[in-house]
Amino acid sequence: MFFHDNGKKHYEVTFKDGKIDEPFLAQTITTAMRMLDNVIDINFYPTIEGQVANQRHRPVGLGVMGLQDALFKMRAPFDSQKAMEASDLLLETVSYHAILASSQLARERGSYSSFKGSKWDRNLFPIDTVALLAKERGQEIEMIGKETKDWSVVRNHVKQYGM
């Protein structure tokens, strides 16, 4: 569990009066993405294949913890419409800033070596691949969330600098 410098739990600062403190969350995500990218270079890999693949594609994983606690503080039962909307907004915000932070690292450090021809390079973001998956499966995939952010900012950054 992450704590803010005022001693509060991270989610207590991230959600103020039921709203996301986006600048605070963006700063945390940007720091986390830099740390995760650094781990790729300093990590121990038990096989050369794992090392080559990670250094070539530079995959990282970033998640959310404490969501249930935050929803409880918001008085939003986990299966309620309010909780689903808060979760969607939170995860869209995390995705937005994680992708942007990765692209900012690419501006600074260069794109990962297999970026050319990747889905990112072809302007296919994770939200876009849901439609491709539905087409592949031959059935519609129900989506609760909707885009609330101006993703053109992130798409343009990735187009210019990569990931």
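Me: In what order do the elements of the protein chain run from the N terminus on?

Reply: The model is a predicted one. Its protein chain holds 7 helices and 2 strands. Read from the N terminus, the elements run α-β-β-α-α-α-α-α-α.

Me: What percentage of the residues of the protein chain count as buried?

Reply: The C-alpha trace of the chain spans about 45 × 45 × 30 Å along its principal axes. Among contacts with a separation of 6 or more, 65% join residues 24 or more positions apart. Of the 163 residues in the chain, the share that counts as buried is 32%.

Me: Are α5 and α7 roughly parallel or roughly antiparallel to each other?

Reply: Helix α5 covers residues 81-109 and helix α7 covers residues 151-161; their axes lie 9 Å apart, at an angle of about 25°. Angles under 35 degrees count as roughly parallel. The two helices α5 and α7 are therefore roughly parallel.

Me: How many nonpolar residues does the contact of α5 with α7 have?

Reply: α5 passes α7 in a left-handed crossing. From α5 the contact draws on Glu92, Ser95, Tyr96, Ile99, Leu100, Ser103, Gln104, Ala106 and Arg107, and from α7 on Trp151, Val153, Val154, His157, Val158 and Tyr161. Sorted by class, these comprise 4 polar and 2 charged residues, and the nonpolar residues number 9.

Me: Does valine 158 count as buried or exposed?

Reply: Valine 158 belongs to helix α7. Leaving aside residues up to four places away in sequence, valine 158 touches Ile99, Ser103, Phe115, Trp120, Phe125 and Met163. Buried means under 20% relative accessible area. Because its relative accessibility is 1%, valine 158 counts as buried.

Me: How far apart in space are valine 158 and leucine 100, C-alpha to C-alpha?

Reply: Val158 and Leu100 are both included in a second, separate core of 10 residues, together with Tyr96 and Phe115. In sequence, valine 158 and leucine 100 are 58 residues apart. In space, their C-alpha to C-alpha distance is 7.5 Å.

Me: Does lysine 159 count as buried or exposed?

Reply: Lysine 159 also has its place in helix α7. Lysine 159 and serine 103 are 56 residues apart in sequence, and their C-alpha atoms are 9.0 Å apart in space. Exposed means over 50% relative accessible area. With 74% relative accessibility, lysine 159 therefore counts as exposed.

Me: Which element gives the most residues to the largest nonpolar core?

Reply: The largest nonpolar core has 15 residues, and those with the most contacts inside it are Phe15, Leu25, Ile29, Leu71, Met74 and Leu90. Two or more residues come from each of α2 (22-42), α4 (67-73) and α5. The element that gives the most, with 6 residues, is α5.

Me: Which residues does leucine 71 touch, not counting residues up to four places away in sequence?

Reply: Leu71 is one of the residues with the most contacts inside the largest nonpolar core. In soluble globular proteins, nonpolar side chains tend to be buried together. With residues up to four places away in sequence left out, leucine 71 touches Ala76, Phe78, Ala83, Ala86 and Ser87.

Me: How many charged residues does the contact of α2 with α5 have?

Reply: α2 passes α5 in a right-handed crossing. On the α2 side the contact includes Glu22, Arg34 and Asp37, while on the α5 side Glu108 and Arg109 are among the residues. By class, the contact has 9 nonpolar and 6 polar residues, and the charged residues number 5.

Me: What phi does arginine 58 have?

Reply: Arginine 58 is in the loop between α3 (48-57) and α4. Because its relative accessibility is 21%, arginine 58 counts as partly exposed. Most residues other than glycine have a negative phi. Although arginine 58 is not a glycine, its phi is positive, at about 50°.

Me: In which loop is asparagine 123 found?

Reply: Asparagine 123, a residue other than glycine, has a positive phi near 65°. At 39% relative accessibility, asparagine 123 counts as partly exposed. Its place is the loop between α5 and α6 (126-137).

Terms used: Residues are numbered from 1 along each chain as its sequence is written. This is a predicted model: local features need pLDDT of at least 70, side-chain atom pairs count only at pLDDT 80 or more; totals for chains, interfaces and linings use all residues. Side-chain values use heavy atoms; hydrogens and water are left out. Axes are lines fitted to C-alpha atoms, for helices over the stretch in contact, and angles run from 0 to 180 degrees between N-to-C directions. Helices (H or I, at least four residues) and strands (E, at least two) are DSSP runs, numbered from the N terminus. Angles under 35 degrees count as roughly parallel, over 145 as roughly antiparallel, 65 to 115 as roughly perpendicular and the rest as oblique. A crossing is left-handed if the near helix is turned anticlockwise from the far one by less than a right angle, and right-handed if clockwise. Contact means heavy atoms within 4.5 Å. Ala, Val, Leu, Ile, Met, Phe, Trp, Tyr, Cys and Pro count as nonpolar, Asp, Glu, Lys and Arg as charged, and the others, Gly among them, as polar. A nonpolar core is a set of buried Ala, Val, Leu, Ile, Met, Phe, Trp, Tyr and Cys residues joined through side-chain atoms within 4.5 Å. Buried means under 20% relative accessible area, exposed over 50%, partly exposed in between (1.4 Å probe, protein chains only).
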